[in-house]
Every structure is written in C-alpha cells, then in structure tokens.
Amino acid sequence: MHGAVAEAGEDGGEASDVLLDAGSGRWGWWVTGGVPVFTRGDVQLVSLFCRAWVRRIAGHEDKRIHHAEGAGAEPPPASPHSLDAGLVDQFGRRATDLRISLIDKCNLRCTYCMPENGLPWLKKEQLMSLDEVVRLVRIAVETFGVRELRLTGGEPLVRHDLVDVIAAIRSEHPDLPIAMTTNAIGLERKAEALADAGLTRVNISLDSIHRETFAQLTRRDQLEKVLVGVEAAAEAGLTPLKVNAVLMRGINDAEAGDLLAWCLENDFELRFIEHMPLDADQNWKREGTVSAAETRELLGERFDLAPTDEDRAVLLRSALMCLIRALALCWAVWA
Ligand code: SF4
C-alpha cells in the first residue's frame with residue numbers, strides 16, 4: 001500500500017466538459033465550469049444557488065429522452081461527450097489517474113501497514129491476470145479518459161510477470177505515463193528491464209536512510225537492498241524519482257532532515273505523506289502523527305525553506321476562493 005497519496009485529478013477545466021453535454025448554454029457552463037475549482041465547502045454553498053439550474057438542465061435532458069422513447073424511436077447513440085465525461089465525483093472533480101494494485105504480497109512488514117506475520121494472502125488465481133490488467137487499462141484510457149497509470153501493491157516487484165504486464169500495457173498505449181510505487185527491494189535486478197518494457201518512473205517508499213530505524217520500521221534489515229535498488233532505478237532513467245516518506249513521532253521524525261539531505265544530494269523529489277490509520281497493529285494514534293507545520297519546522301532548523309511557484313499558485317487560488325465565497329454570501333443576503 002505504501003501510504004497512498006491522494007492523486008485524483010482535480011482539474012476544474014476537465015470537469016467542465018461533463019455537464020456541458022447535459023445542458024449546454026450559459027448556465028450549464030457556469031455550473032460545470034465553476035464548481036470543480038471550489039473546495040467542498042464552496043461547492044455546498046454554490047450548489048444552493050445552482051441546484052435549481054442543474055435540475056432545470058437535467059429535467060430538460062430527461063424530457064428529451066422521455067420524448068424520444070415515447071415516440072418509439074431508437075435510443076440515441078451514445079454521445080462521444082458522454083465518454084469524455086470520465087470519472088467525475090459528486091463535486092465535479094475528474095479523476096484522470098488510475099492506480100492498480102497488482103498484488104497484495106510484500107517482502108517488508110512496515111509497522112503501519114502490515115502485521116508482523118503478514119496477511120492471509122490471495123491465491124494466485126484471485127489476482128487479476130495480465131490480460132485482465134491490460135483490459136482494465138484499455139477501458140480506463142479509452143472510455144474513462146484516464147491519462148496516467150500507477151502500479152502498486154503490496155509490492156509490485158514481487159509479481160513475477162511484472163515486466164510482461166508493463167510491456168503489454170505499453171504496446172497498447174505508447175504515450176501513457178506509467179509509474180510504479182515500490183519499496184525498491186529487487187529493483188537492482190529489474191530496473192533496466194522495467195524501463196525497457198515501458199515503465200516511465202518510480203516512486204520509492206522509504207521512511208528512513210538509517211539502518212536501525214529502517215529495520216525497526218519495516219521489521220526487515222534490508223536498507224542496503226533498497227539503496228542499491230534506488231540507485232539502479234536512477235541509472236535506468238526511471239525519473240523523476242520521487243521518495244515517499246511517512247513521519248512518525250519519536251520514531252523517524254528526527255531524521256526528516258537526513259532524508260531530505262540525501263534526496264537533495266541525489267536529485268530525488270521528497271514527499272512527506274500522511275500517516276494513515278491503516279492500523280495493522282491497532283496502535284495508530286493521532287498523537288503519533290507529525291503535521292505538515294511540524295515537518296516544516298523540523299526541516300526549517302536545517303534548511304532554508306521557500307515557497308515554490310506551486311505554493312504561490314495555491315495561495316493565490318485560496319485568496320480567490322475567499323473572495324468568491326464573500327461575493328456568494330453577499331449575493332445570498334441580497335437575493
Ligand atoms: S513496503 Fe510493503 S509493508 Fe511497507 S508500506 Fe509498502 S506494501 Fe506496506
């Protein structure tokens with residue numbers, strides 16, 4: 001599982017295609033073009049104003065369908081736009097990344113992920129076969145507008161036909177970015193074959209570069225194998241190489257700076273991700289997690305931190321959202 005990061009696409013522009021097909025026209029554009037860039041609270045607020053219009057649009061569409069069916073006509077052919085709609089949630093956000101877990105097994109036992117003795121593993125015939133994975137990707141790309149694929153597990157390198165799976169997907173989708181989240185054990189032997197098969201890049205799950213901490217966290221003394229795997233991935237061109245780390249209070253939080261220094265030195269991108277309550281050992285506690293603010297503070301003791309262009313864009317967007325909220329509230333009071 002490697003501490004999954006929320007990666008669903010949230011591109012407001014993408015989602016605007018969805019309802020335009022249902023209604024078209026000024027209101028349709030406003031509803032669909034406006035909602036996806038809002039936060040959940042904004043969506044709820046705006047939905048108060050939009051619900052009637054959405055009903056009007058939907059009702060208009062229903063009437064057209066009902067009318068056509070009532071007249072004994074053939075059902076209309078599926079609009080190409082309905083396929084473009086893709087995977088859209090109730091807030092209008094469009095998911096364009098697909099994450100496929102290829103196997104449940106793993107060769108580590110991270111304390112926050114798996115119990116010491118593993119799990120009741122699935123039988124081989126219960127896993128998706130190579131053909132099924134390829135078919136699933138085909139449907140996702142061709143029907144639901146998926147534009148990026150991530151392979152994960154368990155540990156995907158444990159799957160014996162991993163190279164063949166990637167090659168088969170690549171042969172159908174020459175331009176699809178295919179990433180893999182891995183703990184890197186065994187990557188030393190497979191990195192080149194994976195790159196040749198069409199893997200684009202890897203994310204490495206690594207919470208510590210100190211042997212003892214790594215062994216404590218993963219219940220396996222295998223840091224050396226991870227590090228040579230990471231090196232092989234970089235040499236094979238599976239880049240940009242990203243490192244995903246989970247910080248846990250009193251366990252590896254004091255090592256956050258070492259991890260960052262190592263990533264900077266090797267030109268890897270480091271992401272501290274959420275310590276989720278997967279709770280393999282039933283001992284997750286909120287007090288054991290390390291917040292983003294604390295992480296910044298920890299790193300700030302050793303590094304000069306500055307906002308990136310992306311951070312500035314987020315700040316600007318938040319300010320705009322506040323302004324829009326204020327305007328919407330004024331409108332509500334006025335109306
Ligand atoms: S490396 Fe294995 S045990 Fe650790 S988080 Fe990933 S899947 Fe779970």
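**Legends to close-up views of the parallel sheet**

**View A. Strand 7 beside strand 8 in the predicted model.** Asn-244 stands opposite Arg-271 of strand 8. Strand 7 and strand 8 (residues 269-273) are paired in the parallel sense, with five bridges between them. The chain passes from strand 7 to strand 8 by way of helix 10 (residues 256-266), and this β-α-β crossover is right-handed.

**View B. Strand 6 beside strand 7.** Three bridges link strand 6 (residues 201-205) and strand 7 (residues 242-246), and the pairing is parallel. Asn-203 has Lys-242 in strand 7 as its bridge partner.

**View C. Strand 5 beside strand 6.** Strand 5 (residues 178-182) runs parallel to strand 6 and is joined to strand 6 by four bridges. Across this pair, Met-180 is found opposite Val-202 of strand 6.

View E. Twelve helices and eight strands are present in the chain. Of its 335 residues, 28% are buried. Among contacts in the chain with a separation of 6 or more, 78% are between residues 24 or more positions apart.

Notes:
Residues are numbered from 1 along each chain as its sequence is written. This is a predicted model: local features need pLDDT of at least 70, side-chain atom pairs count only at pLDDT 80 or more; totals for chains, interfaces and linings use all residues. Helices (H or I, at least four residues) and strands (E, at least two) are DSSP runs, numbered from the N terminus. A residue is buried if 20 or more other C-beta atoms lie within 10 Å of its own, exposed if 12 or fewer, and partly exposed in between; C-beta atoms are placed from the backbone. Two residues are in contact if their C-beta atoms, placed from the backbone, lie within 7 Å. Two strands pair if DSSP finds at least two bridges between them. A crossover is right-handed if, with the strands pointing away from the viewer, the path from the first strand over the helix to the second runs clockwise.
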